[in-house]
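Me: I would like to go through how the parts of this model pack against one another. Could we begin with the helices?

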Amino acid sequence: MFNRFFSFLSQDMAIDLGTANTLVYVRGEGIVLNEPSVVAMEYVDGRKSVKAVGNDAKMMMGKTPDSIQAIRPLRDGVIADIDVAEEMIKYFIQKVQKRKFLSSPEIVICVPSGSTSVERRAIRDAANNAGASSVFLIDEPMAAAIGAGMPVTEPIGSMVVDIGGGTTEVAVLSLRGLAYTTSVRTGGDKMDEAIVSYVRRNHNLLIGETTAERIKVTIGTAKPPKDGVGVTIDIKGRDLMNGVPKEITINQAQVAEALSEPVSQIVEGVRQALENTAPELAADIVDQGIVMTGGGALLGQLDEVIRDATGLPVTVADDPLTCVAMGTGRALEDPIYRGVLTTQ
Ligand SMILES: Nc1ncnc2c1ncn2[C@@H]1O[C@H](COP(=O)(O)OP(=O)(O)O)[C@@H](O)[C@H]1O
Ligand SMILES: [Mg+2]
């Protein structure tokens, strides 16, 4: 009774701690925060302090003076810098909390599946230090599947492919459990890097990752256009021959060529998961198809490429960038999903 009273007063939340973006969902309200997982640290006289977090920090990426460093603490799907990750989690929780005066909340956090038990503990501690009364964790593919509206509580096999910044998680789910899961260290970041090196190799032009990401999001495609070169985009960078800034035009056929390696690594991960799936579950996947989530699912024609490679129906979830946060939020709110939460 008292517990219920306080859980009404407190601002329970679900957090999608992504390698590229962190989203916070508040019970009864939905997603209230959606910012890049970036922290700008300032180093003065050997002491470090947080200069900016989230949107403000991302704007500084690639443009900071020597004393400031923009860090993505979860970059490769593992926690590269746990201290900075803790600072970031605390900052986001407090940012959401500031809106009301409340008692300690219950928090569900979705962690990258590749994280170790030490990292999970550190994430839990960070949430506790930020004032959480209890902290639960949820596996990323499970949260993605719940958010995409897949039948995870039923004895029906389904496959989710979550393509984030650092990793691609491929999982087969049934009866609230992960029947098979694999994590490929390829996602949006590898695509950006592939574009940077393509442009450097073929145009002698050095571009930053922010520019590469803009190319990918604007005209990126997993498959060369059927008719010629497709649409084009003008990009600026530094000419490697004479060191001066320069503008060039690149087209979709070139971007598809640049992305061919990360794309085939993702396809390979899906194929591997299918090969390792029990026959009865595989039969379900033939009917249910594969559902794609995460920002990388928005890459043009990637669903088509996976469809061609597997012969299975492939769909992109509605609003793939928020699936994990929505699924984590539902796991917080709906008792039917209690069984998928863990404490470690
Ligand atoms: N339209 C798009 N096309 C291709 N990639 C996209 C698009 N929109 C976002 N992305 C990429 O999605 C990734 C972020 O996805 P997200 O699911 O938030 O990752 P994470 O869960 O790891 O934080 C970034 O690499 C971003 O560049
Ligand atoms: Mg994610």
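Me: Which residues of H6 meet H8?
Reply: In this predicted model, Lys-190, Met-191, Ala-194, Ile-195, Tyr-198 and His-203 of H6 meet residues of H8. On the H8 side the partners are Gln-254, Val-255, Glu-257, Ala-258, Leu-259, Pro-262 and Ile-266. By class, the residues of this contact are nine nonpolar, two polar and two charged.

Me: At what angle do the axes of H6 and H8 cross?
Reply: The axes of H6 (residues 188-203) and H8 (residues 252-275) cross at roughly 140 degrees and come within 9 Å. H6 and H8 are therefore oblique to each other. The crossing of H6 past H8 is right-handed.

Me: And how do H6 and H7 pack?
Reply: Helix H7 covers residues 209-219, and its axis lies 8 Å from that of H6 at an angle of about 105 degrees. The two helices, H6 and H7, are therefore roughly perpendicular to each other. H6 contributes Gly-188, Met-191, Asp-192, Glu-193, Ile-195 and Val-196, while H7 contributes Glu-209, Ala-212, Glu-213, Ile-215 and Lys-216.

Me: What classes of residue make up the contact of H6 with H7?
Reply: That contact has five nonpolar, one polar and five charged residues.

Me: Changing topic: into which domains is the chain divided?
Reply: Domain 1 comprises 2-37 + 76-143 + 323-340, and domain 2 comprises 155-186 + 262-317. Their C-alpha centres lie 25 Å apart. The contact takes 14 residues from domain 1 and 15 residues from domain 2.

Me: How much area do domain 1 and domain 2 bury between them?
Reply: Domain 1 and domain 2 bury about 1100 Å², with 64% of it on carbon and sulfur atoms.

Conventions. Residues are numbered from 1 along each chain as its sequence is written. Chains are lettered from A and ligands numbered from 1 in the order in which they are written. This is a predicted model: local features need pLDDT of at least 70, side-chain atom pairs count only at pLDDT 80 or more; totals for chains, interfaces and linings use all residues. Side-chain values use heavy atoms; hydrogens and water are left out. Axes are lines fitted to C-alpha atoms, for helices over the stretch in contact, and angles run from 0 to 180 degrees between N-to-C directions. Helices (H or I, at least four residues) and strands (E, at least two) are DSSP runs, numbered from the N terminus. Angles under 35 degrees count as roughly parallel, over 145 as roughly antiparallel, 65 to 115 as roughly perpendicular and the rest as oblique. A crossing is left-handed if the near helix is turned anticlockwise from the far one by less than a right angle, and right-handed if clockwise. Contact means heavy atoms within 4.5 Å. Ala, Val, Leu, Ile, Met, Phe, Trp, Tyr, Cys and Pro count as nonpolar, Asp, Glu, Lys and Arg as charged, and the others, Gly among them, as polar. Domain bounds come from an automatic or database domain assignment. Buried area is the accessible area (1.4 Å probe) that two parts lose on being put together, summed over both.
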